[in-house]
Amino acid sequence: MATAEEASVRPARRRVGRPRLRPAKGWLALPPALYLLGLLILPIALLSLYSVFLLTNLIGVTNVFSLSAWQDFFPSNPFTWKPWSTESVFWNRFTLSMCVTLIVSLVVTTMAYPLAYFLAFVSERRRYVFLFILLAPFFTSFLLRVLAWQVMLNDSGVINSALWQLGILSDGQPLEIFGMGIFRTWFSVGLVLGYSWIPFVALPIFVVLENMDRRVIEAAQDLGASRFMTFLRVTLPLSLPGVIAGFVFVLIPTTGEFVTPQLVGGTDTYMFGQAIQDLFIGTAISWNTGSVLAIWLMAVVVVLIAFSSRFLVMDLREGTE
Amino acid sequence: MDTRMHRRDFLKSSAALGGAALIAGCGSSEGITQNTEAPASTGPVSYGGSIDAEPNKLVISEWPGYEAGGTKAQTYGMLAGTSYTDKYGAKSLKYADIGNDDKVLSAVKAGQKFDLIHPCVGYVEDWAQSGLVQPFDTSLLPSFGNLFPEMIERGKFNGQQYWIPWDWGYSSILYRKDKVDPADAQSWDLFWNPKYKGHISMWDGGSTPLRIAGLLIGAADIDNMTDEELAEAKAKLIEQKKVNKFYWTSEYGDMQPAFKSGDIWITYSWPNDYKDMGNALGFDKVEYMDPKEGKLAWVCGFVMGKDTASPLHAHEYVESFINHDACVDLINLFAYGASDSTVQKSEVKDQKLATKLNIGDPQALEPPVHLEKYIPNRDKYQQIWAEVKAS
């Protein structure tokens, strides 16, 4: 039997289970909850209704439940993988856009890494000046920056004119890279997308590199690792959370990108985001088909976020323990 | 020192990304309601009461450049609308870019409200049938009697005047005379000519490219093509993509700059583009084609929103556009035609242009010109155009 003394030193029982809700503070969540409900959940619900024809603004089409817009989108039955009879042009655009997005994200991340490395390890005291320079173009409108690329890239633009003046190209002959012109092609779309997102990728990598424990690097070198091996075995693995974050930062928004391909792209560079925009407010209006595409894109983005955040959260937890 | 990315750092970066995405993706959200009731009344309408009792405010869905004279948005010095803004003030008018006929019709069907909208003749029946607009009381429009009767007729539905015509013009191919062989420039098929690959720009114009393809495949009625004809037109347009540099969406935003810079030599255009590009490059270098299959043509005008609280203001506004002086100014400013039949050729400043564009000619919109018409199966046209672009 425990004595009174023993009882006094017994640790207090840990409070388990859910903490008590304090109703007065619960109200604080109401404005953001209403905001999300009104501007996120409700529009998605409406999109869902449009996607199955329970709402429609097509002339002469009555509101009768139908999965035809979904069937037209998927190239095959998602449950049986049996191909539908018709080809889905929007599905093809989706896969093409995803490929472009992945390539752009990989290239941009690869290019942003040396930039972040330079800022974190080489630029020393001037790193914030360089960081400011890197971010300076972002003080102007995104649209203006893309339009500026039009001036640079068009057939008689700054780049082609300079090459003509220098005699590198014959007059009137526009520059071609990888067998395509530099404007209104995949090249211009990729270039401008890359330009737009490089700083956003460089920033998280820079943050990780700057916070990196330099003693680990010194230790690797003390143990005889070359600079390259130190980078490969120590710096790069430790900076991977930043790389993944940067990759995700460019991947997710570019999957739905429509402004850049509209302004610097051509007939062939039609991206999935443009199709959604066109189906809602463009020249090929069908809110029902557009809703299917929009819901599908949202689902893909949610999966991408869930997949990538799994790595990030794991690393973040490890880092804080 | 911890070398991993901290949650706070991640959140900071996320916030930066979120902010950027928000800026890039800001758009308006519209309430969604459905109203597809067709109007039943056929009797004459009248709007009583005093104009002073109405709210002095009009929200107008308009083509950029057509904002009333006196407003800040009007940068061309257009006269139309001035008599209204002089009386009621420019601040009483709010404009939204119409985008295109399909877009505004969809937006209004989805619940967006306008007092006045400026659609074209092919959509009059869509609007009237939708129950989203109300008829005008033509007795409140002193200049109404001067308008071309043929155009007035096209604005009638169930015996009521739902649409007041104002501006008209052709649609055809604008091309560079110094780059394109005149022998190649006889037909709409110039858009398909591989000789000019990469220098061609078709309009991202919904049903219009299909109508052009319809002319080339010999469709019986380009505004009501059969499923077989539509399939053929679709294949024709997919073939055109091989030579098309880009589909232009804004005449001032992307088409005219590309034409001026020499990126494109062949483009779909309206008379004002011929005028603008002629002034910029010289009329010896540009030509407005008269295709052997016939030009396309359009007439646009005003419809009045069903729920407008200011119908009398709306009538005054329309009158400030269709009056004689405003119509003369429209012709001189944009090289478009006007619905006022009393405009004399002598009032047009550029006689050469007036002759070229048949301004003032009552036969101007007769065959072989293909004036825009109501398309009964418009949803199919839209679907096919979406598929062509995505193909």
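The domain assignment of chain B, whose bounds come from an automatic or database domain assignment, divides this chain into domain 1 (53–168 + 298–357) and domain 2 (169–296 + 375–390). The structure is a predicted model, in which local features need pLDDT of at least 70 and side-chain atom pairs count only at pLDDT 80 or more, while totals for chains, interfaces and linings use all residues. Residues are numbered from 1 along each chain as its sequence is written, and chains are lettered from A and ligands numbered from 1 in the order in which they are written.

The C-alpha centres of domain 1 of chain B and domain 2 of chain B are 26 Å apart. Their contact takes 13 residues from domain 1 of chain B and 11 residues from domain 2 of chain B, where two residues are in contact if their C-beta atoms, placed from the backbone, lie within 7 Å. On the side of domain 1 of chain B that touches domain 2 of chain B, β7 (164–176) and α12 (351–356) of chain B each supply at least two residues; helices (H or I, at least four residues) and strands (E, at least two) are DSSP runs, numbered from the N terminus. That side of domain 1 of chain B has seven nonpolar, three polar and three charged residues, with Ala, Val, Leu, Ile, Met, Phe, Trp, Tyr, Cys and Pro counted as nonpolar, Asp, Glu, Lys and Arg as charged, and the others, Gly among them, as polar.

Chain B as a whole has 13 helices and 13 strands, and buried residues make up 51% of its 391 residues. A residue is buried if 20 or more other C-beta atoms lie within 10 Å of its own, exposed if 12 or fewer, and partly exposed in between, the C-beta atoms being placed from the backbone. The mean pLDDT of chain B (the predictor's confidence in each residue, from 0 to 100) is 87, and 89% of its residues reach 70 or more. Over residues 1–38 of chain B, however, pLDDT stays under 50.

Helix α13 (residues 378–390) of chain B has 13 residues and, at 1.5 Å a residue, should span 18 Å, which agrees with the 18 Å between its end C-alpha atoms; the expected span is 1.5 Å times one less than the number of residues. Because 11 of its 13 residues are buried, α13(B) is largely enclosed by the rest of the structure. Among these buried residues are B:Tyr381, B:Ile384 and B:Trp385.

Some backbone features of chain B occur in loops. B:Asn158, in the loop between β5 (156–157) and β6 (160–161) of chain B, has a positive phi of about 55 degrees although it is not a glycine, and B:Asn158 counts as partly exposed, with 14 C-beta neighbours inside 10 Å. B:Ala335, in the loop between α11 (324–334) and β12 (337–338) of chain B, likewise is not a glycine but has a positive phi of about 60 degrees; B:Ala335 is buried, with 25 other C-beta atoms within 10 Å.
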